[in-house]
Amino acid sequence: GSPTHQTYSKATSASVGFKNYCQKDGDENKGMRTDLLIGNVLQKILDNDKAFFSLTTVHNDIEVFDSDFDAKLLFEEGKESMIGAEKLVSWYGFQGYEDLLKRFKDLQTTTLLEVAALFRRHAIIGSLLMGGLNPCVRGKLKAELHHNRHDVQAWHERHANVGRKILCLFFEPVPLSLQTYLVKRCFDFRRLAMISRQSTASPTCCAKCKRDSPMSLHLRTDSDCKHLICETCFWEDVLIHLKNRTGDVACCCVCQASAEKLKEPQCVGETPQDRLLSSRLKYQDLPKDSKELKKRKPKLQKRPVLVSTWSEAASLSVGNSQDVRVD
């Protein structure tokens, strides 16, 4: 690569943060170095390299990680296609990819959390949140830079302030699987708002606060209500109701509707005696102790990265052997 890229590679391989690297090399090429760092991180997201996003890595470069960056870095150099286009088509379909392509072409800036949500890297979203990234730092549309620029800036500053409160709430703590789910659902709603703007003469007024918000902060729920809301109202509702919400934590902040279907209890129609017998048979099928457990080499069930309710997030493992359950 270029001498600058080689220098940066040496810096990162020696675990030197981007901030220290800039101090050593001066500021004249800071913009280019930022693009190199972001380009490297985008590739790590594309490769689903979860090990890269350690707390140390995120902390060392928090100023870069927690800022919006030029959306052109999401496009193949000299091409109209986005990086990872094949993956995006396989997940969202061809029309879905075309909608995303138009959205990101309209963006002046975007964020790493949004890119991680775009590529469904949910474990990486969790790592970025643990590192202290503000979930409410948002990219801006090119059109917003020319119309009512000061109003748009004021909205984004207010929105970022809400995000700082959200981070405090997350550290109280809130299970990481719920945090990740909220960021993922917010991205889903943002994508739906973009699609509805293309296909209908949809209103620009938030159904919650009744104010005209910047288009970059529009969300549309995927429940039956299809309410158009501003992202600030979505997160403010999370601040107020997250701890007491019994159902979907990312429901519509206007009417509490949700597209997430709660799981039906498996014991519907069974008598207590039926459930007792079923439970005993499952218990007897378990290995008696840790030694037998190791011999069987069972496939361990990983805790889900995404859950939509507190009951799912708080569910505990009752043990994989009989002696643990007796204890």
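Let's start at Thr111. In this predicted model, Thr111 sits in the loop between β2 (109–110) and α7 (112–118). Is Thr111 buried or exposed? It is buried, with a relative accessible area of 5%. What does Thr111 touch, leaving aside neighbours within four places in sequence? The contacts are Asp68, Phe69, Val137, Arg138 and Gly139.

Keep Arg138 in mind. Arg138 belongs to a network of salt bridges, linked with Arg103, Glu114, Arg190 and Glu231.

How many salt bridges does the structure hold? The count is 15.

First pair on my list: Asp188 and Arg185. Their side chains meet at 3.2 Å, N to O. Both residues lie in helix α10, residues 176–199. They are 3 residues apart, about one turn of the helix. Asp188 counts as buried, at 12% relative accessibility. Arg185 is buried too, with a relative accessible area of 4%.

Next, Asp49 and Lys44. They form a salt bridge, and the closest N and O atoms are 3.5 Å apart. Asp49 is partly exposed, at 25% relative accessibility. Lys44 is partly exposed as well, at 23%.

Then Asp70 and Lys72. Here the closest N and O atoms of the salt bridge are 3.9 Å apart. Asp70 is partly exposed, with a relative accessible area of 27%. Lys72 counts as exposed, at 53% relative accessibility. Why exposed for Lys72? Because 53% is over the 50% cut-off.

Now the cysteines. How many disulfides does the structure hold? The number is 0. Take Cys225. It is in no disulfide, and the nearest cysteine sulfur, that of Cys255, is 3.6 Å away. Cys252 is in no disulfide either; for Cys252 the nearest cysteine sulfur is that of Cys225, 3.8 Å away. Cys252 counts as buried, at 1%.

On to the nonpolar core. In soluble globular proteins, nonpolar side chains tend to be buried together. In this model, the largest nonpolar core has 67 residues. Which members touch the most other members? They are Phe65, Leu118, Leu128, Leu182, Phe234 and Trp235. Look at Phe65 on the structure. Not counting residues up to four places away in sequence, Phe65 touches Val41, Phe52, Phe53, Thr57, Val58, Leu112, Leu128 and Leu133. Leu128 is on both lists: a contact of Phe65, and one of the core members with the most contacts to other members.

Glu76 is in the loop between β1 (69–70) and α6 (85–106). It is partly exposed, with a relative accessible area of 32%. Its contacts, not counting residues up to four places away in sequence, are Ser81, Met82, Ile83 and Gly84.

The other is Val305, in the loop between α13 (290–296) and α14 (310–313). Val305 is partly exposed, at a relative accessible area of 41%. Where does Val305 make contact, leaving aside neighbours within four places in sequence? With His122, Ala123, Ser177 and Thr180. Val305 and Gln179 are 126 residues apart along the chain, yet their C-alpha atoms are separated by 9.7 Å.

Notes
Residues numbered from 1 in each chain as written. Predicted model: local features only at pLDDT ≥ 70, side-chain atom pairs only at ≥ 80, totals over all residues. Heavy atoms only, no water. Helix = DSSP H or I, 4+ residues; strand = E, 2+ residues; numbered from the N terminus. Buried < 20%, exposed > 50% of the residue type's maximum accessible area, 1.4 Å probe, protein only. Contact = heavy atoms within 4.5 Å. Core = buried A, V, L, I, M, F, W, Y, C linked by side-chain atoms within 4.5 Å. Disulfide = S-S within 2.5 Å. Salt bridge = Lys/Arg side-chain N within 4 Å of Asp/Glu carboxyl O.
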